[in-house]
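Please look over the sequence and the structure before reading on.

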Amino acid sequence: MLEVTLVLAAVLALGLAVLLASVLTAPAMIMVAIGALLLGLAVGVPTGFWYHVLLYRIVSARVPVPRKWWLSPSALHVHLTDADRRRIWLWYRLGGIGFVLSVVGGLAAIAGLLMAR
């Protein structure tokens, strides 16, 4: 699932770069892309952090949590009940959306910088 998301983010970033390149000048494209990057960070970092906190609190009460659980937190979802999934679902999705927006904004900013060169 992660790989599919990353590929989709890369394709979306490429499409966004092509669209922005045809509509905006390079400096304007860079500013829009950096804005998307900052918005993604503003949304993704706090919500992703809270998702990890909630997941750890829920799962650690039931089973021992592996030392590097945060590298693949979705592997711990098997220990969640339906009520637990509903509790973390919003934070999980918002963190993911923020991450994708950050990646797309960063890649579009890089494309804009390369175009300005």
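The points below cover salt bridges, a helix and a surface patch.

This is a predicted model. A search of the whole structure turns up two salt bridges. Aspartate 84 takes part in one of them, with arginine 62.

**Arginine 62 and aspartate 84**
- Their side chains meet in a salt bridge at 2.6 Å, N to O.
- Arginine 62 sits in the loop between helix 2 and helix 3, and aspartate 84 in helix 3, so the pair ties together parts 22 residues apart in sequence.
- Aspartate 84 is buried, at 10% relative accessible area.
- Arginine 62 counts as partly exposed, at 43% relative accessibility.
- Leaving aside neighbours within four places in sequence, aspartate 84 contacts Ile58 and Arg62.

**Arginine 85 and aspartate 82**
- This salt bridge spans 3.7 Å, N to O.
- The two residues are three apart in helix 3, which separates them by about one helical turn.
- Arginine 85 is partly exposed at 35%, while aspartate 82 counts as exposed at 53%.

**Helix 3**
- Helix 3 covers residues 82-116, 35 residues in total.
- From first C-alpha to last, helix 3 reaches 50 Å, close to the 51 Å expected at 1.5 Å a residue.
- Helix 3 bends by about 45 degrees at isoleucine 88.
- Buried residues in helix 3 include Ile88, Gly95, Gly98 and Ser102.

**Surface patch**
- Ile34, Leu38, Leu41 and Val45 form a nonpolar patch on the surface.
- Together they have about 340 Å² of accessible area.
- Leucine 38 belongs to helix 2 (residues 26-60) and is exposed, at 51% relative accessible area.

Conventions
Residues are numbered from 1 along each chain as its sequence is written. This is a predicted model: local features need pLDDT of at least 70, side-chain atom pairs count only at pLDDT 80 or more; totals for chains, interfaces and linings use all residues. Side-chain values use heavy atoms; hydrogens and water are left out. Patches are made of residues with over 30% relative accessible area and no salt bridge: like charges are joined within 9 Å, nonpolar side chains (Val, Leu, Ile, Met, Phe, Trp, Tyr) within 5 Å. Accessible areas come from the Shrake-Rupley method with a 1.4 Å probe; for residues, only the protein chains shown count as cover. A salt bridge is a side-chain nitrogen of Lys or Arg within 4 Å of a carboxyl oxygen of Asp or Glu. Helices (H or I, at least four residues) and strands (E, at least two) are DSSP runs, numbered from the N terminus. Buried means under 20% relative accessible area, exposed over 50%, partly exposed in between (1.4 Å probe, protein chains only). The expected span of a helix is 1.5 Å times one less than its number of residues. The bend at a residue is the angle between axes fitted to the seven residues ending there and the seven starting there. Contact means heavy atoms within 4.5 Å.
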